[in-house]
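Please find below my notes on the model, arranged as numbered points. They follow the packing of the helices on the sheet and then the pairing within it.

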Amino acid sequence: MLRHLAGAKRCVSLASNALIKRTPSKLCVPSNVASVVSIRHFGPPTHIKHSTANESGTMAEIKEEMMKRLGLDHGYQPLPKSREHLLKYQPKLEELPSRTMQDSFTSAIIPLSTNLLLQDRYVTYLGNVRMGRLLEDMDMFAAWSCHKHVVIPNLPANVPLPYTFVTILVDRIDFTDTLASGTADIRLSGHVSWVGTSSMEVVVWLEQMQNGSYQKLTRALFLMAARNATNTGAAPVNPIKPGNEEEQLILDGGMARKKQRQLLGAQSIFKVEPNDPEQTIMYELFKRTTPNDTMELNKRILPPNCRWMSHSYQMSTIPSFPEHRNHHNRVFGGFLMRCALEISWAAAVLYCRTRPKLDRIADISFEKPVSVDSFIKMTAYVVYTELNYLQIMTVAEVLDPHSGNQVTTNTFYYTFSASHTVTEVLPRSYHETMWYIQGRRKFKYSMGIEPHYE
């Protein structure tokens, strides 16, 4: 009885399943299904959007400016220049003035229309843009927004910023139906939308110039951590003082998303047992894949038009090099995001045998920093399918070439859609069943059809 009550309270990720009307091509969600998704602002607040004094140049210029602010030099050094002398300049929280969202709002351009060398790095063979490259830029732009937000009044003019900004996670990324070209300019814009004591939520938009006006491509939420100059401890950040009601609404949404992240993290299948509806699904999977004419141990049958999860993955081992480093001699988080997305896309193409559309990225977590001399194993698993959608979980692990040990550093969740109903993926082992349930939870969350947790 207690387990039933606890399970019902812990997770209701399947409760809305009966309410979902299924059609061959899409999921239809009744209007009475409460969604856990906070209000998504797909464009800047009106008063910010009309501001003109916010251009930061190109992404290349932003990278140069960040290096200058941090006091970093060009060229790779195995032992980075010490920044310990900057620790004495770290301010106290009460010394930092409040900032509005407009203070951190800025924009930058990826000049694909004029820079042919840049085009080669971004274009696919069909002439579209590589979304993995854009994830790299969005990660860097989120860090730049943190630079724009943090102001230390008493910092001497010739002293570098005594901060380090790192990506904790990417909450979610939603994509529009606009097909991005690899030969037209792309604009990034964004601002800090919520702050804690030492963390910042940054919203980033991507738009592309098409037919004379900018069309929205995607919007992402980055959660960034402010660290001290040596990246050995937390550093305080300026509080936000909303400039108007619109900014207050966004700030309130940031607080709601924080609570939501904490709740969803606590409900991970890797931390708590499946709830009662999920255990029912697990039993149904067992019945579907177990023959009824024999009691032979571990004998499983694959139903028609299905594929085993153990046969539905792609793997790649990537050696990292200094060119993939961030400003602190660790592997750049954007590089990991690009590699993970591209192997996930390959897994999706090979699974559904067509070129699927990337619809959403549920969340990306950064568990541990990755050294620039690491071997990174990326494995993309198809863990859940529904109608024409497939959910992919990609795991990044660092391999130790000397001991043979491997440590998971990142987990990525992607939702793709095909133009037809995809083959159903099924788990064969209990471990795979847990991944199936986790993938199902991520899919429902990314589609915005989950009821509220209580």
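1. Helix H3 lies across strand S3, strand S4 (106–110), strand S5 and strand S6 (186–195), and runs at about 110° to S3. Contact here means heavy atoms within 4.5 Å, and axes are lines fitted to C-alpha atoms, for helices over the stretch in contact, with angles taken from 0 to 180 degrees between N-to-C directions. Helices (DSSP H or I, at least four residues) and strands (DSSP E, at least two) are numbered from the N terminus.

2. The model is predicted, so that local features need pLDDT of at least 70 and side-chain atom pairs count only at pLDDT 80 or more, while totals for chains, interfaces and linings use all residues. Residues are numbered from 1 along each chain as its sequence is written, and side-chain values use heavy atoms, with hydrogens and water left out.

3. Helix H6 lies across S3, S4, S5, S6, strand S7 (199–210), S8 and strand S11 (357–366), and runs at about 50° to S6. The axes of H3 (residues 59–70) and H6 (residues 131–149) come within 10 Å of each other and cross at roughly 45°, which makes H3 oblique to H6; angles under 35 degrees count as roughly parallel, over 145 as roughly antiparallel, 65 to 115 as roughly perpendicular and the rest as oblique.

4. On the H3 side the contact is made by Met59, Ile62, Lys63, Glu65, Met66, Arg69 and Leu70, and on the H6 side by Asp137, Met140, Phe141, Ala143, Trp144 and His147. By class, this contact of H3 with H6 has 8 nonpolar, 1 polar and 4 charged residues, where Ala, Val, Leu, Ile, Met, Phe, Trp, Tyr, Cys and Pro count as nonpolar, Asp, Glu, Lys and Arg as charged, and the others, Gly among them, as polar.

5. H6 also meets helix H9 (residues 333–352), the two axes coming within 8 Å and crossing at roughly 160°, which makes H6 roughly antiparallel to H9. This crossing is right-handed. Among the residues in contact are Arg133 and Glu136 of H6 and Phe335 and Arg338 of H9, and by class the contact of H6 with H9 has 5 nonpolar, 3 polar and 5 charged residues.

6. Arg133 forms a salt bridge with Glu136, with the closest N and O atoms 3.3 Å apart; a salt bridge is a side-chain nitrogen of Lys or Arg within 4 Å of a carboxyl oxygen of Asp or Glu. Because they are 3 residues apart in helix H6, Arg133 and Glu136 are separated by about one helical turn. The count by this rule comes to 17 salt bridges.

7. The sheet is open, with 11 strands in the order S3-S4-S6-S7-S8-S5-S11-S14-S13-S12-S10 and mixed pairing; two strands pair if DSSP finds at least two bridges between them. S3 (55–58) and S10 (313–319) are the edge strands, each pairing on one side only, and the twist averages 25° from one strand to the next.

8. Strand S8 (residues 213–228) pairs in the antiparallel sense with S5 (residues 163–175) over 10 bridges, and with S7, also antiparallel, over 12 bridges. Arg219 in S8 is the bridge partner of Asp174 and of Trp205, while Met224 is that of Thr167. S7 and S8 form a hairpin with 2 residues between them, and Asn211 in the turn has a positive phi of about 55°.

Terms used
A crossing is left-handed if the near helix is turned anticlockwise from the far one by less than a right angle, and right-handed if clockwise.
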